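Here's a quick briefing for anyone opening this structure for the first time.

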Amino acid sequence: MNRILHHVGGAPFGEAARSGAVFNPATGEQSATVAFASAAEVDHVVEVATAAQVAWQQMGLVKRASVFFAMRQLLIKHTDEIAAAITAEHGKVLADAAGEISRGIENVEFAAGLVNLLKGEHSTQVASGVDVHTLKQPIGVVACITPFNFPAMVPLWMSASALATGNAVLLKPSEKDPSTAMILARLWEEAGVPPGVFNVVHGDKEAVDALLDSPGIGAVSFVGSTPIARHIYSRAAAAGKRVQALGGAKNHMIVMPDADLDSAADAAVNAAYGSAGERCMAISVLVAVGDATADAVVAKIRSRAQSLTIGAGTDPTSQMGPLITREHRDRVASYVAGAPAQGAEVVLDGTATEFDSEGFFLGVSLVDRVTPRMSVYTDEIFGPVLSVVRVDDYDQAVSLINANTFANGTAIFTRDGATARRFTADIEVGMVGINVPLPVPIGAYSFGGWKDSLFGDSHIYGPESIHFYTRSKVVTTRWPEPSESQIDLGFPSNH
Ligand code: NAD
C-alpha cells in the first residue's frame with residue numbers, strides 16, 4: 001500500500017504514528033495511507049520553513065521571477081501526470097482535472113509578474129529635503145489549508161502569490177486527495193524554490209489547529225466548508241494572525257423569461273453537474289422567473305441531464321465521475337430522498353440510477369418546486385443536485401438570493417442589458433456572471449464571496465493576494481546638511 005508522508009525541507013518527513021485512508025472513488029478501494037502530523041511535527045516544519053525563508057526573501061526579484069516562469073512550463077509539461085493523480089483520488093474526469101490545472105497555471109502566470117507587483121511608491125520632497133517610500137515585505141511563513149475539491153488549483157491559488165511575495169509556505173492539503181500536493185512540491189523545487197520554502201504537511205484537525213496556534217506562522221489562507229472556515233478564522237485571528245478563510249456556497253442562477261432557454265439549460269447542466277456538483281462555484285439553485293419559464297427550462301434541463309454519461313474519470317467517454325467518499329455520496333442522496341416529503345417534486349432522481357461498480361457513484365437529480373425552507377435549499381449539498389425555485393419576477397429572485405447566508409457566486413441569464421446591469425448593482429454576492437454560470441475570475445482579478453462564504457477582508461489570488469501576503473512599511477528619509485540641524489521639540493511639520 002502506498003504510504004504518503006509529509007514533504008519538509010525538500011525530503012519526505014514523518015513517523016505516520018497516525019494516518020488516514022485514501023480511496024479511489026471510482027472503485028471504492030483504498031489506494032494509500034496518508035500520514036497525519038502531530039503538533040510536534042508541525043512545530044518542526046515551522047522551524048524548517050522559518051530558517052529557509054530568509055534566503056528566499058533575499059533572492060533578487062528577477063531571479064525569483066524566473067522560478068515562476070519555470071513552474072509554468074513544468075505544470076504544462078506534467079499536466080497529464082497531475083490530472084491522473086487528481087482523478088485517482090478525487091474522481092473527477094481527466095479533462096476536468098486538466099481544466100483546474102490550467103486555471104492554477106493562471107495564478108503562476110500572475111505571480112511571475114512579481115517584479116512589478118512588489119513595486120513600492122515613492123514621493124519626493126514631501127517637505128524640504130524629505131522623501132517617502134514604501135516597502136512590501138513578506139509575512140514570513142504562511143499556512144495554506146485546502147479542500148478536497150480542487151487539489152491542484154486551490155493550492156496554486158495560494159502558493160503562487162505567497163511564494164512570489166517572498167514567503168515560505170506550509171501547505172496542508174485535504175487528507176482525502178493528498179497526492180497532488182506532493183507533485184506540486186516536487187515541481188516547485190524543480191522550478192527553483194529552495195528546499196524548506198514549500199512544504200507539505202498532511203493531517204486532520206490536530207495538524208490544522210497546531211498550525212493555527214503556532215507563533216511561527218504569520219498568516220493563514222483557508223478554503224473549505226463554512227463551519228471550518230469560521231473555526232479557522234476565529235482561532236487564527238485570536239492567535240494574532242492575518243487570516244482569509246473562504247467557506248461554502250449555495251450559488252443561484254436566475255433565468256429571466258427573455259433568456260435564450262437552450263443556452264440557459266446547457267449552462268445549468270454544465271454548472272450543476274460538472275465535477276459531480278463538487279465545486280464551490282457550482283450552480284445548485286436555478287431561480288426561474290415565471291411558471292412558463294420554469295416549465296420550459298426544467299423540461300430542457302431534464303432531457304439534457306438524463307443523457308449524461310457517468311463513469312470512471314479515467315474513461316474518456318465519462319462526463320461526470322463519482323463523489324469523493326461513500327459517506328458523502330449517501331449524504332447527498334439523502335437530500336433527494338427527503339425532498340418529496342417536504343413538498344418538492346423530484347423530476348429526475350439520481351438515487352435511482354444503478355451502477356455496476358463499488359465506486360461512490362450517484363446519478364444526477366433535478367428537484368422542482370423547491371421553497372426556501374426545505375433542507376434541499378438551506379443546506380450546501382455539494383453534489384449533483386439542482387433545485388429549482390419558482391418566483392414571479394426579478395425582484396423576488398433578487399430578494400431570495402440576498403436573503404441567503406451564502407454569497408459566493410451567482411448568475412443571471414437574460415437578453416436584456418438593463419436587467420443585467422441592474423443585477424450587478426442589486427445583488428449581494430461576491431462573484432457575478434451575466435450569461436456566465438461559473439464566473440470564476442481570471443488570475444489577474446481576485447476571487448472571493450461575501451457573507452458566510454468568506455471570513456476575513458481579503459479575497460484570494462490576484463491583486464488582493466499581494467496585499468494579503470505582504471506587510472508594508474513607510475520610510476521617511478532626510479539627509480540634512482550638518483548646518484541645518486537644530487533643536488526643535490515641536491511635532492515634525494511638513495510646512
Ligand atoms: P472541509 O472544510 O471539510 O476541509 C477543508 C480543510 O479543512 C481540509 O484540509 C481539512 O483537512 C480541514 N479540516 C476539516 N475539518 C477540520 C476541523 N474540524 N478542524 C480543522 N481543520 C479541518 O472542506 P472539504 O469538504 O474538503 O471541501 C468542500 C467545501 O469547501 C465545500 O463547502 C465548498 O463549498 C468549499 N469550497 C469553497 C471554496 C471557495 O472558494 N469559497 C472553494 C473550494 C471549496
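Ala276 is buried, with a relative accessible area of 1%; buried here means under 20% relative accessible area, exposed means over 50%, and partly exposed is in between, using a 1.4 Å probe and protein chains only. This is a predicted model, so local features need pLDDT of at least 70 and side-chain atom pairs count only at pLDDT 80 or more, while totals for chains, interfaces and linings use all residues. Residues are numbered from 1 along each chain as its sequence is written, and side-chain values use heavy atoms, leaving out hydrogens and water.

**Two residues with a positive phi**

- Ala276 isn't a glycine, yet its phi is positive, at about 55°.
- You'll find Ala276 in the loop between helix 10 (261–273) and strand 14 (283–289); helices (H or I, at least four residues) and strands (E, at least two) are DSSP runs, numbered from the N terminus.
- Tyr461 isn't a glycine either, and it has a positive phi of about 45°.
- Tyr461 sits in the loop between strand 22 and helix 16 (463–468).
- Tyr461 is buried too, with a relative accessible area of 2%.

**Strand 12 and its neighbours**

- On one side of the pairing list is strand 11 (residues 219–223), which runs parallel to strand 12 and is joined to it by 5 bridges; strands pair if DSSP finds at least two bridges between them.
- Val223 has Leu246 in strand 12 as its bridge partner.
- To get from strand 11 to strand 12, the chain passes through helix 9 (residues 226–238), making a right-handed β-α-β crossover. Right-handed means that, with the strands pointing away from the viewer, the path from the first strand over the helix to the second runs clockwise.
- Strand 22 (residues 454–455) runs antiparallel to strand 12, with 2 bridges joining them.
- Ala245 stands opposite Phe455 of strand 22.

**Around the ligand**

- The ligand is surrounded by 28 residues, and the closest are Lys172, Glu175, Ser225, Gly247 and Glu380; a residue counts if one of its heavy atoms lies within 4 Å.
- A polar side-chain atom of Glu380 lies 2.6 Å from a ligand oxygen atom.
- For Lys172, a polar side-chain atom lies 2.8 Å from an oxygen atom of the ligand.
- Phe148 has a backbone N or O atom 3.0 Å from a ligand oxygen atom.
- On its own the ligand exposes 840 Å², and the protein buries 89% of that; accessible areas come from the Shrake-Rupley method with a 1.4 Å probe.

Terms used: Polar contact = N/O pair within 3.5 Å; in protein donor to acceptor, adjacent residues only side chain to side chain.
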